[in-house]
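Subject: Structure handover

Hello,

Please find the structure below. My notes on it follow.

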Amino acid sequence: MKPLIDVLFISLLLWISSAPAGAIKNAKKRKESSPSDEKSTKASEKKKSDISPPQVIKIVPAEYPQGAKIPPDGIKLMVEVQISVQGKVLKSKVVKSGGKAFDQEALKAVAKWIFKPAAFKGRPMRASMQIPFEFPPLPDKEEEIVEEEISSGEQEDPVAKDKTRIASGNSAGAREDSKQDKSDPISHKNNQKNNASSSAEPEDQIVVTTYKSKKKESRPVSEFKITKAVFAITSKKSGGDILKAAPGFYVAKPQNEGIANAIFLRGFNARHGQDFEMWAGEVPINLDGHIHAQGYADMHFLIPETIHSLNVLEGVYDPVQGNFAVAGSGYFKYGVENRGSQVSYSQGSYNSRRLLLLHAPKGESRETFLAVSLKESDGFGTNRSYRQAKVAARYALVLGTRAFAVFHLGAYGSRSVLPGVLKLEDIESGNIGLYDTYNDPTAQSQSSSFSRFEASMRFEQRLSKPEEKLEFSAYFLRTNFRLRQNFTGYTLWFNDKPELKGMGDLHQQVNFATTVGGKFSYTSATHKIFGFDSRFKYGVQLRSDWIEQSEDLILPAQNAIWRKNLDADIQIIDAGLFLDSEFALSKYIDLKAGLRADSLTYQIDDKLGNWQYNTPTVQNYELGKKRDAMGTFYGPRMSLKYNIFPGDESKNIFKGLALITAYGQGFRSPPPRTLEEGEDTPFAKVHSLETGLKWNLWGGKKYYLKLSGFYTYLSDDYTYDPTTAMARSIGDTTRYGSMLYLVSRPLKGLIFSGSITYSRGVLEGPPLATTDNPTPGQKKGDLISYIPPLVGRIDLGYRHNLLKIRGYSLKAVWGATYSYTGSRPLPYSQWADPIQLLDLSCTVLYRNLSLKFEVSNLFDHRWHEMEYNFVSQWDPNVQTSLPKRHVVAGAPRMITATLAIKF
C-alpha cells in the first residue's frame, strides 16, 4: 500500500509544478467558493466558449464633414452598435463624442455596415459592440487647386472616400504585429476585457481610421492632374473636351462627332492618337495597327459625368508609359463624387438633345455607378447629324480590410454623317457656304460608324508593410470601325484599268479589332538602401490584338466597290516589362529611375499583296503576301528633383519651390502593313528631355505654378496624307519649347487655371521620296505641318450663394473659358488662320434641382477647326495639279440648356 501512496504523492507534486499559475489560482478559488459559485463559473466559461463574436463583412467609411475644422491631434469618437441576427445594424449611438458634425458622419456610415452575426452554439444572436472612429488632421489640401502627383494611371482605392483613405481591421483578420508602423493605415486596438456576456464583444475591436498618404514625388514638371473643379467649369461634352483642359493641347474635331479627335501637343501632330497614349480606367483607348491611323483613339465613348479626373504626363519619363507614349500619356480616372441618382436632359442649338441617367449608390465607393447617355443632333450645317448611345457600369467590391476589386462594363455605338472638307477659295468666292457640303454624290455620301464594347477588372491586395501592395488588372475590348470619306474629289485613276477614270475618290475603310490584355505589378514598402529611403515598383503588361481590315474605292449607289486596295488580317502581341525606383538621397534631392522594355511580334496576312498596281500587264501569279516581323525596345526613364526649401524650413513665399530635370526614351510601333518578312521592327523612338520649376506658393494653398523647357527628338515621324487618307513618313524630327502653368484659388469660391505653351517642330532632313511623292519639296529645318506653335488657355470659375429660400440656399456657378491657338504652318509654305474662342456657362442649383446654360463660341466667330493644303479636283473633266487650302468649319455659336434632378 505504501508504494502506491508514494506514487500518487509524487504525481501530485509533478502536476503542481507544471500547472500554470492561473490554473492553481483558479483551483484555489474553486476550493474557496461555494458549490453554487462553482456551478455559475463553469456555466459562464462554457457560455463564453460557445459564443462567436460578430465579424465585419462590409465597411462603409465615414466622410469628413464639409467645412469642419480638425485640431492638430485629430478627432476620436466611439460608436456603439446593436447588430441583428441578419448582420445588420439595428441601432447605433455615440458613447464618446468627437463633435456633432463628426458624430453624424460616423453614425451615417456605420448604419450601412454589414456583419456576420454573432452566434451561440452556431445559432445567430443579437449582439452589441463598440467601434472607434478616428479623423486625423488633413494635410494641406493642395489637390483642391492643383493636380495630385500620383503614379500614372492609378485608379481610386474603393475603400477611399472623398480624397481620404479609409482602412479597417476586424476580429477575423486582425494582424498580430505588435510593432506595426504608425504610418500603416490599418490600425487595431486589442480589447483586454475577458468577461463573457450577452453583448458578445469580440476580442479585437474594429478601429476605423481616416487616412491620407502624401507621397513624395519627383516626376517631371509636366505631370498634371486635371480635376473636375477645372474641367467642369464650362461645357465638357466628351473626352476630347476634357483633354483640352490640360496645358498645351489643341484638340480638334476633324469631322464633327464622326471620327476620333485630332490631337496636337508640344510640337506633335499626334493625329488621332498615334503619338499620345491614353487609358480609361484599366482599358487602353489607342488601337494598335488601325487602318485609318496608327494608335487610333476615339474618346467619344466616355461619359464626362463619370470621369473623376484626368492624369496627364507630357513627355516620356515614367516606366509605366508604353506604346504610343511619344508626346505623352493621359489616364482618365472613373469616379462619381456626388452619390445618389440623377436624371438630366439637355436641349441645344441645331436640335441637339441629350438624356443622361446616372445611378451612384450612396455609401459606396465613388467607382461604383451605372450611367447611360443618349445623344443626337442635326448638326450645325449640312451632313453633320449624328447619334450616340453610351453605357458605363462599374462596381467596387471591398474584400476584407486589405483588398478590393473593381469590375467594369462599357458599351458605345455611334453613327455620323460627315461634311468632308472644302476649298477655301470656293468659300471666299461665295460658291459654297462654310457650313455646306459639295453638291456631289461622293461628297454627300460620307459617313462613319464606330462601336466599342469593353470589360475589365482590377484587383489590389495591400500587404503587411505600409504602402506595399500587389495589383492585377485584365481587360477585353472589341471595336468595329467603318469610314466612308472623300477629301480629293476625282483625282484617282489607275493604268491597269484606265476606263474607270472619273469614278471618284470615295474611300471605304473597315477595321474590326479584338484586344485582350492585362497588367501585374508589385509595389514595395520603403526600405533603407545604402542609408537612403527607397521604394520599388515592377511589373509586366501584356496585350494581344486580332485585326481584320480592308479599304475599297466605292460608288455612292449601293456601296458598289470599283477597286479593292487592301484586305488584311493582322495579329500583334506586345509584352512589356517595367521597373521603377525612388530614392530620397537627402532632404534636398529625390531621384526616380526606371526602365521600360517591350517586345512586339507581328503576323500579317495581306490578301491583296503582290498586286502590280499601275502596270498594264497581266498578273501571272496568285494574290497574297504573308509575313511576320518582330522587334524589341529598351528605354530608360528618370527624373531628379531638387527641393530648394525642403520641409518646413521656409514659411515664406518660397516654400515648395523645386527644380526638376527629367529624361526618357519612348517608342511608337509602326503600321503593321509597312513591315516586310523577318524585319527587325523599326520602332519610331523618341528622346525626351525637360527641366523646370514647380512652385507651391505659400504651401500650395492658394497658388500653384509650373514653368518648364523641353526638347524631343523623334525618328521616323508620320504626318497625314489626305490624298490616301493614311499617314506617310516624313523622316526624323525635333521639337523644343516651353510651358507656363498656373492654378489659383485667390478668393473663396473662385478658381483660376491658365497655361501657355510655345513649341517649334522641325524636320531633320527631307522626307524620303516615294512613288506617290517623288519630289517631297521639303528640306532640313522646315517646320512640321499643321502644328500650332502657340497654344494658350484660361479657365475661370466662381461659385457663390445667391439667397435662401425656405431655409435652403440658391447657389450659382459661373464659368468662362478663353482659348487661343496660333497660326499653324501648312504644306507648300501656307499658314492657317489663328483661333480665338470664348465659352461661358452658368448653373443655378436649388436643393435637388440644377439648371445649366452654356454658350460656346460666344461671339459667333467663323473659324476653321482643321486646315490642310493638298490637290483636289471636284470636276472630273477638269484636271489640276495645284495644291489648295482646304478647311473644316468650326462650330458657330451654340446654346445649350440642361435640367438635372438628383435624388
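**Contacts and overall make-up**

Among contacts (heavy atoms within 4.5 Å) in the protein chain between residues at least 6 apart in sequence, 68% join residues at least 24 apart. This is a predicted model, in which local features need pLDDT of at least 70 and side-chain atom pairs count only at pLDDT 80 or more, while totals for chains, interfaces and linings use all residues. Residues are numbered from 1 along each chain as its sequence is written, and side-chain values use heavy atoms, with hydrogens and water left out.

The protein chain has 50 strands and seven helices. Both are DSSP runs numbered from the N terminus: helices are H or I with at least four residues, strands are E with at least two. Of the 903 residues, 52% are buried. Buried means under 20% relative accessible area, exposed means over 50%, and partly exposed lies in between (1.4 Å probe, protein chains only). The accessible surface is about 39,900 Å², and carbon and sulfur atoms hold 58% of it. Areas come from the Shrake-Rupley method with a 1.4 Å probe; for residues, only the protein chains shown count as cover.

**Nonpolar patch**

A nonpolar patch on the surface has about 940 Å² of accessible area in total; its residues include Val343, Tyr345, Leu357, Phe853 and Ile901. Patches take residues with over 30% relative accessible area and no salt bridge, joining like charges within 9 Å and nonpolar side chains (Val, Leu, Ile, Met, Phe, Trp, Tyr) within 5 Å. A salt bridge is a side-chain nitrogen of Lys or Arg within 4 Å of a carboxyl oxygen of Asp or Glu. Two or more patch residues come from each of β23 (340–348), β24 (352–360), β47 (849–856) and β50 (894–902). β47 gives the largest share, three residues. Leucine 357 lies in strand β24 and is partly exposed, because its relative accessible area is 40%.

**Three-stranded sheet**

β28, β49 and β48 form an open antiparallel sheet in the order β28-β49-β48. Its edge strands, each pairing on one side only, are β28 (422–423) and β48 (864–870). Tyrosine 868 is opposite histidine 886 of β49.

**Serine 729**

Serine 729 is in strand β40 (residues 726–744). It counts as partly exposed because its relative accessibility is 29%. Serine 715 is 14 residues from serine 729 in sequence, and their C-alpha atoms are 10.0 Å apart.

Regards

Definitions and conventions:
Pairing = 2+ DSSP bridges.
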